[in-house]
Amino acid sequence: MLVCSCNFITKQEIEATIVELLDEDRWQLIVPAKVYHRMKKRGRCCGCFPNVVDIIVRTTEAYHRERDSTEDQICDFLSRLKEFHEQNRRADFERRQKSNRAAERSPVS
């Protein structure tokens, strides 16, 4: 499945990169920019980043379930990551709503 149409990056490529990063340090914080940097790409429109974050969460969770990580370590890490992701989504949504309202109120010449 194509995740990033700007760079033609598939879900499988992203998952493989995440596993490589986790093999180096299983508890590091992985963000889309780190994944793209590892693939020698960069976000262009960054519209795919929310999907990449979801792939990071699912892949990280599967990685730790398949290894000898304890359940409480997995849940704590992922719950913090999901909470961070949701906070950023809400803030982004609020910024968009405010900018739309400002554009609607401006007088038309």
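Student: Does Thr59 count as buried or exposed?
Tutor: In this predicted model, features of local structure need pLDDT of at least 70 and side-chain atom pairs pLDDT 80 or more, while totals for chains, interfaces and linings use all residues. Residues are numbered from 1 along each chain as its sequence is written, and side-chain values use heavy atoms, without hydrogens or water. Buried means under 20% relative accessible area, exposed over 50% and partly exposed in between, with a 1.4 Å probe and protein chains only. Thr59 has 10% relative accessibility, so Thr59 counts as buried.

Student: Which residues does Thr59 contact, leaving aside neighbours within four places in sequence?
Tutor: Thr59 sits in helix α3; helices (H or I, at least four residues) and strands (E, at least two) are DSSP runs numbered from the N terminus. Contact means heavy atoms within 4.5 Å. With neighbours within four places set aside, the partners of Thr59 are Glu15, Ile18 and Val19.

Student: What length does α3 reach from its first C-alpha to its last?
Tutor: α3 has 18 residues.

Student: How far apart are the C-alpha atoms of Val35 and Ile18?
Tutor: Val35 is found in helix α2 and has 0% relative accessibility, so Val35 counts as buried. Beyond four places in sequence, Val35 is in contact with Ile14, Thr17, Ile18, Leu21, Ile30 and Ile56. Val35 and Ile18 are 17 residues apart along the chain, and their C-alpha atoms are separated by 6.7 Å.

Student: Which residues does Lys41 touch, not counting those up to four places away in sequence?
Tutor: Lys41 lies in the loop between α2 and α3 and, at 37% relative accessibility, counts as partly exposed. Ile9 is 32 residues away along the chain, with 9.3 Å between the C-alpha atoms of Lys41 and Ile9. The residues touched by Lys41 are Asn7, Ile9 and Tyr36.

Student: Which element gives the most to the lining of the largest pocket?
Tutor: On a 1 Å grid over the protein atoms alone, a pocket is an open set of points where a 1.4 Å probe fits, with protein on both sides within 12 Å along at least five of seven lines; lining residues have an atom within 4 Å of a point. The largest pocket is lined by 16 residues, and Phe49, Pro50, Val53, His85 and Asn88 lie nearest its centre. α3 and α4 (71-105) each supply at least two lining residues. The most, 7 residues, comes from α4.

Student: What percentage of the residues in the protein chain is buried?
Tutor: The chain has 4 helices and 2 strands, in the order β-β-α-α-α-α from the N terminus on. Of its 109 residues, the buried ones make up 29%.

How values were computed
Expected span 1.5 Å × (residues − 1).
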